[in-house]
Every structure is written in C-alpha cells, then in structure tokens.
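Biologist: Could you walk me through this one? I would like to start with how its parts meet, and then turn to the ligand.

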Amino acid sequence: MLINKNELAGFLDQLMSRYQVFAPVKEADYTNFKQISSGTEATLDYSNTKIPPKGILFPQTEKLFSYSCGTEGAQVQECIDQQKKVVFGIRPCDAKSLVLLDNVFNNDKYQDPYYLTRRENTILVGLGCNRPAGTCFCTSLGGGPFDTTGLDALLVDTGDKYVVEILTERGRELFSGTTLPEAGEADRAAAAAVKETATVSCTVNLDGVKAKLDTDFYDPIWDGLHEKCLGCAVCTYTCPTCHCFDIVDDAVDANGCRVRNWDACMFPLFTLHGSGHNPRPTGKERFRQRVMHKFKYFVDNYNVMACVGCGRCIKNCPVNLDIRAILAEIQGSEARLDK
Amino acid sequence: MPELAGAIQEAARKLLEEKKVDVVIGFAPGTLPLRSTPCFVHRPEDAAGLTWNRSCENNLANYLRKRTDKVAVVAKGCDSRSIIELIKENQINRENLVIIGVPCAGMIDRKKVDRRLAGKELLAAEESGDSIVLKGDGFTETIPVNELLHDSCLSCRHPNPALYDLLVGELLPEKGGDDFADVAAFEAKAPAERRAILTEEFSRCIRCYACRQACPMCYCEECFVDCSTPQWIGKSSDARDNMLFQAVRVLHSAGRCADCGACERACPMGLSLRNLTRKMVKDVQELFGYEAGANLEDKPALADFKAEDPQPFLIEE
Ligand code: SF4
Ligand code: SF4
Ligand code: SF4
Ligand code: SF4
C-alpha cells in the first residue's frame, strides 16, 4: 500500500472517524505526539519528539479513579480509558520502548489495567528513519532504523510517498477500511533502497557492562560519575523506557481522585522514607540507581536492557552528562569481575 | 580562545600541584557540537582536559555550596556574581575557595542555532573570529556570533568576574546600565494577555525541576514543591500548578538572582523563564537599589532595612 504525501492529511482525517489519532505535531521549537483533530496538524518531517510517546499509554499525570462521599456512602468511579487509538509515525526505538514497558505493566505479579487497556486498544504505525541522528545508537541495543519490533505497520519514506508495510493483523484491520493505492514493484524497490542507505553511525559497546555492574555495587567509579549531575528529571522524563511513578490523592475533604504521576529516581524525594531516612541520600546513589536500573536490574528481571538508544537523554541533559560516556567508563573500568 | 584554555589549564595544574586546592571545577569538551561540560579535576595531570570556549554555559557556582574541601572554580561574570551572593548567604567558605576569573564574551544558545538550521542536524562547529561556522550533512553556514548568543549574554552588563583570585585573559569593557526593555514590554501588556502568554508557556512545563536544580540560588533543604504536609502545590503537571511553582521559585530568588540565565538554559522545553526572573531583578533594583552579585559589601536586599524603603503594601501614602 502507498500513501502519497499530499494525501496524508486526508488519510489521517479518515482514520479519525474510527480512532483517536496521535501524531507528531510541531510545538515551539520541537515536535511532540499529540492527539490531532485534523490531519494537517501532523508533521512526519521530524527527527525525534522532545517527549517520548510513552505518555499516550502511561500519561505523565493520570487519574486512576475518582471518589466522593455523600449521603449514600462512598462512591468510587474508575477511569479506564477504552478509546481506540492509533499512534501514527512512531519511531522504531519508541515502539520498541513500549515492548519493554509491557514487561513492567504486565507480568506474573502485576497486570496494570490502566496501561494494558490502552495498550490493547492502540495500534502503532511506525515511521522508519531515513536519516538517523548523530545521537541515535539503537543498533547497539538490538534495534535499528527500520526495526519492526512492536509495530503493527511500518511506513518507509521514499520521497513523495510512504510505502506501507503491514506487519500484524491489527495493522491490516487499520488499513483495510481505507482506499489507498497498492505499492508497485518500483515503490517496493525504492523502499528497499532507502532501508539500505540509512546508517546509524553511533555505536556503544555494551559488552561486559552488565557483568561489571553485577560485581561491585560499591566500586569507587560511582564516586566520580555523578559529580556534575544536577539531579533533575530531564533524562528520566524524556526517556521512553523510564517508568517510575508516584501515586497521590488530589482531594478536598473526602472528595477527589487518585492520580498517578511520573516520578524520577534522580529526585531526593524518590526514596525518602516516612521516618526521614533516605537509602539514597546523595546524587551518587541516585545516579547509580538510574544506571543500575537500566543496565542491570531490568536485565535481571526481564532479560533486556531498559534503553533503546533514542539519544534523548544525551540531547537534553543540561550539563551534557552523556550516557554513552558513562557506559564507556563502566565498560573500560577496572571494576573487579572476580568478586 | 585556545589561549584562555591554556591559561586555565596552567592555573589549575599549579593549584593542584601546590596542593592549594583539592579539586578544580571548570569545563571540558562535551560530546555534542557547541557543548562543553562541567568537569571536576582532582589530579594535576588531568588539568590538560580543561577547556574554554563559547559553549561553557553552565553556572558553576551551583557546585560550590556547603563543600568541605578546598576548591578552585572557573568563573565567568555571572558565575562570580552568584558566588558573591552565596558567600553572603554563608553557603560558601571564602577561605576554601580560589576563583579563577575569566572575562566572558558571551555563550552560544543552541536553541538559536537549531532555529537557524531549521531541522538540519548540526554535526560540527568552529569558532572563527566573530563568527561561528556550523557544519552538517551537505551544508556549511557561517553566522555572526551575536546572532547566536543567549539572550542573557546579550543583556549582560558585567562580562568580567566581579570577584576573583586569579584572572585569566584580559578584562572586557563594562557595558552601560540595563534598560529592562524586555520586561517593560511585557509589563505593558494587559493582564489578560500576560496571563494568556504565561498559561500557554507553562502548559508545556514538564515539572522536571531542571530550572531549580541548575540555579545556584535554589538550595532549600526541602523545596516547597516537595512538601507533603502541608502540600502547598499540586504534584501533577498542570499549567496553573506549573505557573505557581515558577512564581514561587522566582519570588524566592528576589534580590539573590544574578540574572545568569542558568534556569532558562537548563529548561528542556525552552520556556522563557527570564521573563519572570528579570521582572524580579528589575523590581529589586528599582525598589531597593540592590543588584545581586555586584560586590561583597552591599547588604543583601532581604537582609537590609532602610527607613526610606518603599512599603506601599504596609502604609497608605
Ligand atoms: S544526568 Fe543530566 S538530565 Fe539526568 S538528572 Fe543529571 S543533570 Fe539531569
Ligand atoms: S537511556 Fe537515554 S538513550 Fe536510552 S532510551 Fe532512555 S533517553 Fe533514550
Ligand atoms: S533564578 Fe535563574 S537567572 Fe536567577 S540566579 Fe537562579 S538560575 Fe540564575
Ligand atoms: S526546567 Fe522547564 S520544564 Fe522543567 S520544571 Fe523548570 S520550567 Fe518546567
């Protein structure tokens, strides 16, 4: 199938009659995924959104349920979002990040109905990366500019059109009700050629990183790595795989709602106990936690690293604390493997 | 500016060799074009890793509070003004601090660079006299530095360090007073319009607190946004709460904010935070004649009282 670029807006308009459509939209100096109300709002001419699309399934601020106390007693109303959604033009790394998040929200111990209901109702239409950015290192983490992990369909930009590759039954369902032309031999060849030429120039050597992190929690390397870190939430909130949250009540008297908000391991409040004790009292322990969670604990739990190499933390950190440099230091460190 | 970098390396090496300090905090080359990164040098042989150029934008005063070791810091004009305020607030022990002052010709705003490149990716950049040469896949653009400097650098009146122990490079000519034309223009708008602008702006805030963390003057043991009993502000990201957070943050820096722009530089969402901080700077100057960081002698505005201080909120005139 094919979408001519000048017919893209009309195509998205068609989808909107059946789904909530989320697409990259220009906002200030960047793009972000937003629910669109007209196909013309979408711009697929983007490198990577400022904020990852994880928020469509796991919003930064999410009302779980509301409650009220009246004369008839307590009333609780759960807020499960069952709307059918399409995320249109998601990058392969971001799609892969959702597959990683599935481990967290759907496992032997927990099934999160808020996330899972959205996930089941959401179709992911990917957009391959013809020109990966200098900060992209997806191939080092098993992804790639045209990787289809997690996607229901993939678009390949061949100049004035997108060649559509259907990947799943859900993808087929999405495109079946539309009137798109079929891709010809030449279009398919053009798509294959684009895939050939796209190169990810940045690589990160992860060999042995997990083994080093396994050995010495108290390695002196942690004394220095965090020194310049400010302890903000830029790297975690812009990371597509970070998923820690905090639950609060937003209420006046006995009426209100329970809300789930993104949280960040880099904040002092993150592990502060009610007693006042904090097991991660300084930036050193917090920074170590961020690295450990991504490159050790997630691997211990789910057998995969919690990074897709999107480069957002690199581009956005206010002090240029580059995760690639941190991984290189750990990798090359003297961290003892014999302990 | 390789001469300045060389002089900084030399000064740092000497201070460490002679054991005058335990650590030198300066800048090292970063991992992205037009990006230097804060750097902590503990050994004399590592001093060669220090650099100086137009991308040393972070305010290093932020790393100096409550340290118990002996520290040397590379300080441009704004860093030094924050250091002065922190000394007055007893956050820095002057005896343990060596200030390597560097006159600053302005730092580059990568957001302005990105705007000029309109989506093209910057892969390399070079300083060439008063211009910056930007390079990427299939393009080279030469742009005058002035068009790429941070707004805070364009309006900065004090490029020279206001306090230093060693000076690297030559002092630059001081500039005249600040006319606060930007603040006046915003003040001139109708309240509803100001509200609309701020609401739009702060609907994009993600409450990452990078602004707070990057500000050398934001150091409360417990920030009011982190309190839970009582809870002063909603924890969720919501335009009104985001605005309240910023308004309180800015008010808390009254008479202390040196207009360094570190908060705005750190904000990943590109919000114009100086629109608010400069209003405060202007008001403190106009009402109390105090300029944060100008010198060590003036008593901080919040610690001083003069009979002639305007107090229209207390006494009907
Ligand atoms: S690494 Fe950078 S973005 Fe992350 S908390 Fe530290 S300063 Fe903020
Ligand atoms: S750790 Fe950084 S590069 Fe990896 S997925 Fe998160 S934001 Fe992207
Ligand atoms: S409020 Fe902003 S401009 Fe003022 S001192 Fe703090 S970081 Fe600098
Ligand atoms: S740095 Fe920007 S986005 Fe983050 S909390 Fe401050 S104003 Fe909001």
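**Domains and ligand**

Modeller: This is a predicted model, and across the interface of domain 1 of chain A and domain 2 of chain A there are 20 residue pairs in polar contact, with both residues at pLDDT 80 or more.

Biologist: Which elements of chain A each supply at least two residues of the side of domain 1 that touches domain 2?

Modeller: On that side of domain 1 of chain A, α2 (54-57), β4 (61-70), α3 (92-105) and α4 (113-120) each supply at least two residues, and the residues of this side divide into 20 nonpolar, 13 polar and seven charged.

Biologist: And how many salt bridges cross that interface?

Modeller: The rule finds three salt bridges across the interface of domain 1 of chain A and domain 2 of chain A. Separately, Arg312(A) forms a salt bridge with Asp94(A), where the closest N and O atoms are 2.9 Å apart.

Biologist: What area do the two domains bury between them?

Modeller: Domain 1 and domain 2 of chain A bury about 3,400 Å² between them, with 60% of that area on carbon and sulfur atoms.

Biologist: Where are the domain bounds in chain A?

Modeller: Domain 1 of chain A covers 2-197 and domain 2 covers 209-332; the contact takes 40 residues from domain 1 and 38 residues from domain 2.

Biologist: Changing topic, which residues are around ligand 1?

Modeller: Among them are Cys229(A), Cys232(A), Cys235(A) and Cys317(A), and also Met266(A) and Pro318(A). The shell around ligand 1 divides into 10 nonpolar residues, one polar and no charged.

Key:
Residues numbered from 1 in each chain as written. Chains lettered and ligands numbered in written order. Predicted model: local features only at pLDDT ≥ 70, side-chain atom pairs only at ≥ 80, totals over all residues. Heavy atoms only, no water. Near = heavy atom within 4 Å. Nonpolar A, V, L, I, M, F, W, Y, C, P; charged D, E, K, R; others polar. Domains from an automatic or database assignment. Contact = heavy atoms within 4.5 Å. Buried area = accessible area lost by both parts, 1.4 Å probe. Salt bridge = Lys/Arg side-chain N within 4 Å of Asp/Glu carboxyl O. Polar contact = N/O pair within 3.5 Å; in protein donor to acceptor, adjacent residues only side chain to side chain. Helix = DSSP H or I, 4+ residues; strand = E, 2+ residues; numbered from the N terminus.
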